[in-house]
Amino acid sequence: MDNGLPQREPDAELPDRVTIYEVGPRDGLQNEKSVVPAAVKAEFVRRLAAAGLETIETTSFVPPTWVPQLADASEVLAELGQVGLGRRRPVLVPNERGLDRALEAGVGAVAIFGSATETFARKNLNRTVAESIEMFAPVVTRARDAGVWVRAYVSMCFGDPWEGPVPVEQVVDVGTRLMDLGADQLSLGDTIGVGTTGQVRRLLDAFSARGVGPERIAVHFHDTYGQALANTLTALRHGVTVVDASTGGLGGCPYAKSATGNLATEDLVWALDGAGVTTGVDLAQLVKTSVWMAEHLGRPSPSRVVRALTGGD
Ligand code: HMG
Ligand code: MG
């Protein structure tokens, strides 16, 4: 504890190793009021990689009118060179135009993003759920033909700000349809952070029953109600080994106002380090990166671990 690390006491119910899928440069920066310069975004990715994060979602190829914060996606990747490419550097693409731009930039991994609810599909993708799946189909086919790794997100897995509770079968239906397109991994998004541990278990069981087991699933929890870490540990006890997190706890969706920051990567690493789970991440270096980014954004990190380790209030 004195050295800035938790006391280690292995937890036999958790996996030996967890892959952290870092979303700070994308989910984090898409929701900031200020637009971060491309050079700073690229430096953020470099520092995250240097801190030991192997998988980093770097940006989004969506229309600049929809997410002006990430309008410089091509520039960020050009700045990054090799560090921004390969199967461990996914980018968000909603449609074929996004895929064209991503392939032109040389990416090796993309993520499509569907919604479990009609209202959020309409607000975030300007489509019905069915129309958005039709939009994704050629993206997945063409990406796979090009040898590109594909992740599929499903948002609003536990609750929707307009529709309220979301039936499990509805989430499983959209998730399995996205996987049937040919995606390699499914990330379950609690976009507005309302889910709790029993719901997590129930949803994972429901996916397993429909043939999508935990080895193909990642969890993506926003921390609006402080449940993200508890929900993540529940998923890990249920066989999941890929966890989305955002350094410094940045994050949110501009098309769902009640979405706040993601699970902070530092909070996750503290918990996993303590439980003897390998992540490959150097916590001290990660905290330094958060502090550096917070200076650029002009506001302190909401991460409890960052605040505790930097003496912030
Ligand atoms: P639309 O307005 O219906 O698009 O938006 P369109 O196909 O009618 O095209 C309109 C114009 O945009 C056209 O240009 C296209 O060429 C252009 P014009 O002919 O008028 O000059 N265009 C593009 N330009 C650049 N890149 C592109 C592109 N596509 C079209 N890719 C669309 C439909 C799906 C594009 C839009 O709704 C969209 O991009 N939505 C994404 C919004 C977004 O990024 N939200 C945040 C990410 S999701 C999230 O955060 C949740 C997640 O974290 C998981 C969780 O937490 O649950 C993943
Ligand atoms: Mg998100």
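Tutor: Buried here means under 20% relative accessible area, exposed over 50%, and partly exposed in between (1.4 Å probe, protein chains only). This is a predicted model: local features need pLDDT of at least 70, side-chain atom pairs count only at pLDDT 80 or more, and totals for chains, interfaces and linings use all residues. Residues are numbered from 1 along each chain as its sequence is written, chains are lettered from A and ligands numbered from 1 in the order written, and side-chain values use heavy atoms, with hydrogens and water left out.

Student: Which residues of helix 11 are buried?

Tutor: Leu283, Leu286, Val287, Thr289, Ser290, Trp292, Met293, Ala294 and Leu297. Helices (H or I, at least four residues) and strands (E, at least two) are DSSP runs, numbered from the N terminus.

Student: What covers them?

Tutor: The cover includes helix 2 (38-50), helix 10 (265-274) and helix 12 (304-310), where contact means heavy atoms within 4.5 Å.

Student: And what comes just after helix 11?

Tutor: Gly298, with a positive phi of about 75°.

Student: Switching to the metal. What coordinates the magnesium ion (ligand 2)?

Tutor: Asp27 (OD), His220 (NE2) and His222 (NE2), at 2.1 to 2.3 Å. Donors are N, O and S atoms within 2.8 Å of the metal (3.2 Å for Na, K and Ca); water is not among the atoms, so sites may look incomplete.

Student: Where do Asp27 and His220 lie?

Tutor: Asp27 is in helix 1 (residues 24-28) and His220 in strand 10 (residues 217-221), so the pair ties together parts that are 193 residues apart in sequence.

Student: Are those two buried or exposed?

Tutor: Both Asp27 and His220 are buried.
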